[in-house]
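Hi,

Here is the structure I promised to pass on. Have a look at it first, and my notes on what turned up follow below.

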Amino acid sequence: AAGAPLILFLLLAMVVVLSLFFAIRGRIRIEHGRSGLTITRFAAFERFGHWLLASSFIILALTGLNVMYGRYVLLPLIGPEAFGALTIFGKYLHNYLAFAFMAGLVIIFVMWVSHNLPHKADIKWVLQGGGIFSRKLHPPAKKFNAGQKVIFWLTILGGLSISLSGWTLLFPYTTHFFSGTFELVNTVFGTALPVPLSPLQEQQLASLWHAIMSVFLICVIIAHIYIGTIGMEG
């Protein structure tokens with residue numbers, strides 16, 4: 001709860017940065033217009049995996065943000081009865097759609113991991129800023145460019161971290177992820193992180209980490225949505 005204002009600030013900062021970029025750069029358009037030809041870039045199952053992950057994440061993000069900020073934003077607007085009903089419904093959505101999110105994460109990893117490994121073309125793409133900042137640059141890329149690869153790995157690693165902490169919250173007092181992680185870090189780096197942790201400490205750390213990583217991934221996906229909608233034509 002003490003970190004809630006900081007988390008809200010990070011979300012608002014991401015929206016402000018993207019708004020400023022859009023005001024300066026505008027929408028990135030197809031330079032020579034549409035050709036009238038289309039190709040199937042992603043098969044039906046690829047689109048299913050993407051939208052399973054995307055739709056479940058959006059609902060998880062909204063219901064999770066309601067847990068953090070709903071009492072300050074929605075409660076005064078809709079009243080306690082409606083807010084209570086909405087929040088309990090959101091709780092069930094959040095708990096059960098977590099498994100859809102994890103399934104989508106596995107699907108896109110299996111389908112696209114081979115396309116998201118580093119390639120020499122990524123160096124040129126990065127050096128040219130993906131052509132985002134200039135209308136004259138069109139750096140080459142494979143199936144996914146370097147920017148998309150960054151989004152992919154942030155989603156996979158961030159999603160895995162959220163899933164592990166979420167599992168701890170769904171099934172309390174059954175895991176020891178932080179004790180094991182702290183012990184490994186102490187062994188490798190010679191630090192003195194506290195181990196072992198009590199079951200209550202595990203739950204507290206899982207709750208805090210879940211919030212931090214969720215907001216981080218929300219910021220990543222806001223940028224992804226921006227590029228896929230108003231940021232770029234087509």
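Twelve aromatic pairs are found in the structure, where rings of Phe, Tyr and Trp (its six-membered ring) pair if their centres lie within 6.5 Å; planes under 30 degrees apart count as stacked, over 60 as edge-to-face and the rest as tilted. In one of them, phenylalanine 99 and tryptophan 167 have ring centres 6.2 Å apart and planes at 80 degrees, so this pair is edge-to-face. Phenylalanine 99 belongs to helix 3 and tryptophan 167 to helix 5, so the pair ties together parts 68 residues apart in sequence. Helices here are DSSP runs (H or I, at least four residues), numbered from the N terminus. Ring pairs also link Phe21, Phe22 and Tyr226 into a cluster.

Before going on, a word on the model. It is a predicted one: local features need pLDDT of at least 70, side-chain atom pairs count only at pLDDT 80 or more, and totals for chains, interfaces and linings use all residues. Residues are numbered from 1 along each chain as its sequence is written, and side-chain values use heavy atoms, with hydrogens and water left out.

(Buried means under 20% relative accessible area, exposed over 50%, partly exposed in between, with a 1.4 Å probe and protein chains only.)

Helix 3 (75–112) and helix 5 (146–170) each supply at least two of the patch residues, and the largest share, five residues, comes from helix 3. Phenylalanine 177 sits in helix 6 (residues 177–189) and, at 34% relative accessibility, counts as partly exposed.

Now for the inside. The largest nonpolar core has 26 residues, and Phe57, Phe101, Ile108, Trp112 and Leu217 touch the most other members. Such a core is a set of buried Ala, Val, Leu, Ile, Met, Phe, Trp, Tyr and Cys residues joined through side-chain atoms within 4.5 Å. Two or more residues come from each of helix 1 (4–25), helix 2 (44–73), helix 3, helix 5 and helix 7, with helix 7 giving the most, eight residues. Leaving aside residues up to four places away in sequence, phenylalanine 101 touches Leu53, Ser56, Phe57, Leu60, Gly159, Ser163 and Leu217 (contact means heavy atoms within 4.5 Å).

How many salt bridges are there? The count is one, taking a side-chain nitrogen of Lys or Arg within 4 Å of a carboxyl oxygen of Asp or Glu. Aspartate 122 and lysine 149 form it, at 2.8 Å from N to O, and both residues are buried.

Finally, two backbone details. Most residues other than glycine have a negative phi, and most peptide bonds are trans. Tyrosine 173, in the loop between helix 5 and helix 6, has a positive phi near 65 degrees. Valine 195 and proline 196 are joined by a cis peptide bond, with omega about -5 degrees, and proline 196 lies in the loop between helix 6 and helix 7 (199–228).

Best wishes
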